[in-house]
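Biologist: Could you walk me through the charged and aromatic side chains in this one?

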Amino acid sequence: MFAKLTSGLDFHAKALVLRAERQRILASNMANADTPGYSSRDFNFKEALSQQTQTSDSELSRSGKGLSLKSSTIATDSRHLQLPALASSELSGSNTMGYGVQTQPSVDGNSVDMDRERANFVDNSVRYESTLRFINGQSKTILSAIQGQ
């Protein structure tokens, strides 16, 4: 019964993980704006989310269990928090990870356009926040229904 209540949140949970991964990639692009020869990276969010939901749906039909996100954790110190995230190899192996188009040629071969990266970063941040607020709202609604309020 509880699985039916939370099944609507699975889609948003996957979207939240992908948004966090995209934020990491965009931050990496901005950090390497002055690195000679660096090519900016990004992925098509729509395709990646579609792939994640299709993978989970096929796993669901095979196993008969709840949906689960593919996750990998990398810790360089035992005190680090273990957070689920998509490994960049999962994105790059599925044709969703790509290189940014160089809009302004540079002498050093760097393809990072800081204006575009900042705009993408802010847009992704707003979408991440809205997805998080939606999940929090749904969680509060479920909790108040369970408590009978």
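Modeller: What follows goes through salt bridges, then rings. This is a predicted model, in which local features need pLDDT of at least 70, side-chain atom pairs count only at pLDDT 80 or more, and totals for chains, interfaces and linings use all residues. Residues are numbered from 1 along each chain as its sequence is written, and side-chain values use heavy atoms, with hydrogens and water left out.

Biologist: How many salt bridges does the structure hold?

Modeller: The structure holds 5 salt bridges, where the term means a side-chain nitrogen of Lys or Arg within 4 Å of a carboxyl oxygen of Asp or Glu.

Biologist: Which residue meets Glu-21 in a salt bridge?

Modeller: Glu-21 pairs with Arg-24, at 2.7 Å from N to O. Because these two are 3 residues apart in helix H1 (residues 2-31), about one helical turn separates them; helices here are DSSP runs of H or I with at least four residues, strands are runs of E with at least two, and both are numbered from the N terminus.

Biologist: And is Glu-21 buried or exposed?

Modeller: Glu-21 counts as buried at 3% relative accessibility, whereas Arg-24 is partly exposed at 43%. Buried means under 20% relative accessible area, exposed means over 50%, and partly exposed lies in between, with a 1.4 Å probe and protein chains only.

Biologist: Which residue does Asp-42 meet in a salt bridge?

Modeller: Asp-42 meets Arg-22, with 2.9 Å from N to O. This pair links distant parts of the chain, since Asp-42 belongs to strand S1 (residues 41-43) and Arg-22 to helix H1, 20 residues apart. Asp-42 is buried, with a relative accessible area of 19%, and Arg-22 is buried as well, at 10%.

Biologist: What about Glu-129, which residue does it bridge to?

Modeller: Glu-129 bridges to Arg-133, and their closest N and O atoms are 3.0 Å apart. Both lie in helix H4 (residues 114-147), 4 residues apart, about one turn of the helix. Glu-129 is partly exposed at 35% relative accessibility, while Arg-133 is exposed at 58%.

Biologist: Switching to rings, how many aromatic pairs turn up?

Modeller: A search of the whole structure finds 0 aromatic pairs, a pair being rings of Phe, Tyr or Trp (its six-membered ring) whose centres lie within 6.5 Å.

Biologist: Then which ring does the charged end of Arg-19 sit over?

Modeller: The charged end of Arg-19 sits over the ring of Phe-45, 3.6 Å from its centre. This requires NZ of Lys or CZ of Arg within 6 Å of the ring centre and within 35 degrees of the ring normal.

Biologist: And where does Arg-41 lie?

Modeller: Arg-41 lies over the face of Tyr-99, at 4.2 Å from the ring centre.

How values were computed: Phe/Tyr/Trp six-rings, centres within 6.5 Å; stacked < 30°, edge-to-face > 60°.
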